[in-house]
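Try each one before you read its solution.

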Amino acid sequence: MAKKIKQPLTKAEKRRKRRKTLIIIEVIILIVVVLFLLAWLKFGLISCENLGNITKNELSTDTIDLLKGYKCIAFFGVDNRSNGNYESGNSDSIMVACINNDTKEVRVVSLYRDTVLSMKDSTLRKCNYAYNHGGYQEAIEMLNKNLDLDIQAYVAVDFNALSDVVDDIGGVEIDLTEEEAKLMNNDYIGEVAKITGKHSDGVAAGHQTLNGVEATAYCRLRYTSGGDFKRAERQRTVLSQIVNKAKNMNTTQMLKLATDENILKEVSTSLTPTEIATLASAMKDYSLGVT
């Protein structure tokens with residue numbers, strides 16, 4: 001019986017084999033990313049806080065139905081001038097991110113810091129007061145009470161955390177107006193640099209890559225045309241850039257970002273290590289929708 005001669009692989013077959021090998025390698029490295037992240041969290045670098053009983057309104061049946069299938073997380077950018085201290089401080093950046101668990105679409109809405117809302121004691125104050133008065137717990141309860149939500153998770157960052165993340169991803173691409181560049185150079189960049197211990201040579205009007213100090217200063221700009229509405233828009237622009245850059249990272253870059261000790265110890269959150277690892281491992285599946 002004649003011995004069957006093994007035919008050489010065609011170019012298409014070689015491509016499929018190579019693609020399959022790359023997928024296997026990506027999956028293995030992704031598992032390593034998750035394990036590394038869990039290990040870092042285990043050593044307590046991230047401040048994982050246990051939330052108590054979060055107060056909320058008695059929600060209507062329609063609202064409960066609308067919220068089904070979503071995970072809503074409160075984001076707080078705290079201006080406390082004391083990096084890593086999340087017990088108090090005005091939450092000058094407040095966002096709510098709602099994740100559709102089925103489609104993986106994430107929608108983000110800003111809450112303007114000067115919005116007057118009802119506090120825990122039913123007094124009316126600017127909404128950024130809640131975090132300064134009662135920390136993340138009271139701030140979440142303020143959001144639930146006034147907006148008929150059922151938020152049970154939060155993430156809080158400060159100047160250092162934001163500037164470190166932006167530097168780790170290689171900066172963000174921003175178009176600056178003359179007004180924005182002038183204000184950043186005259187005040188905001190110097191203040192952020194002093195607090196974070198980082199450096200900037202200044203910015204100019206036009207399209208450019210902002211480093212961590214400059215991006216943080218950009219997010220803080222308020223006294224321009226558009227006021228706080230424009231500032232909240234800037235914050236969402238920077239957040240969108242961070243998300244898009246993270247989604248386009250290769251696995252090695254993602255591993256470096258996910259295990260950056262400086263960033264991990266600068267974040268306060270109620271998310272558990274398992275929840276964080278799950279979100280990180282599915283990063284490429286998420287899409288940022290309407291903001």
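**Exercise 1.** In which helix is Met142 found? Then work out whether Met142 is buried or exposed, and list its contacts beyond the local stretch of chain.

*Solution.* Keep in mind that we're looking at a predicted model.
- Step one: Met142 sits in helix α3, which covers residues 129-147.
- Step two: its relative accessibility is 3%, so Met142 counts as buried, the cut-off being under 20%.
- Step three: skip the neighbours within four places in sequence, and Met142 touches Leu111, Leu117, Ser118, Met119, Cys127 and Ala130.
- Thr55 is 87 residues from Met142 in sequence, yet their C-alpha atoms are 8.7 Å apart in space.

**Exercise 2.** Where is Ser268 placed, and which side chain does its own side chain meet in a polar contact?

*Solution.* 
- Step one: find strand β10, residues 268-269; Ser268 belongs to it.
- Step two: check burial. With 1% relative accessibility against a cut-off of 20%, Ser268 counts as buried.
- Step three: look at the side chain, which makes a polar contact of 2.6 Å with the side chain of Tyr154.

**Exercise 3.** How many cavities of 30 Å³ or more turn up in the whole structure, and which elements each supply at least two lining residues of the largest cavity?

*Solution.* 
- Step one: the search finds one such cavity, and the largest cavity holds about 50 Å³ of space.
- Step two: β3 (90-100) and α7 (227-247) each give at least two residues to the lining.
- Step three: sort the lining by class, and you get four nonpolar, three polar and three charged residues.

Notes:
Residues numbered from 1 in each chain as written. Predicted model: local features only at pLDDT ≥ 70, side-chain atom pairs only at ≥ 80, totals over all residues. Heavy atoms only, no water. Helix = DSSP H or I, 4+ residues; strand = E, 2+ residues; numbered from the N terminus. Buried < 20%, exposed > 50% of the residue type's maximum accessible area, 1.4 Å probe, protein only. Contact = heavy atoms within 4.5 Å. 1 Å grid on protein atoms, 1.4 Å probe; cavity = no way out; pocket = protein on both sides within 12 Å on 5 of 7 lines; lining within 4 Å. Points joined across faces, edges and corners; volume = space filled by probe spheres on them. Nonpolar A, V, L, I, M, F, W, Y, C, P; charged D, E, K, R; others polar. Polar contact = N/O pair within 3.5 Å; in protein donor to acceptor, adjacent residues only side chain to side chain.
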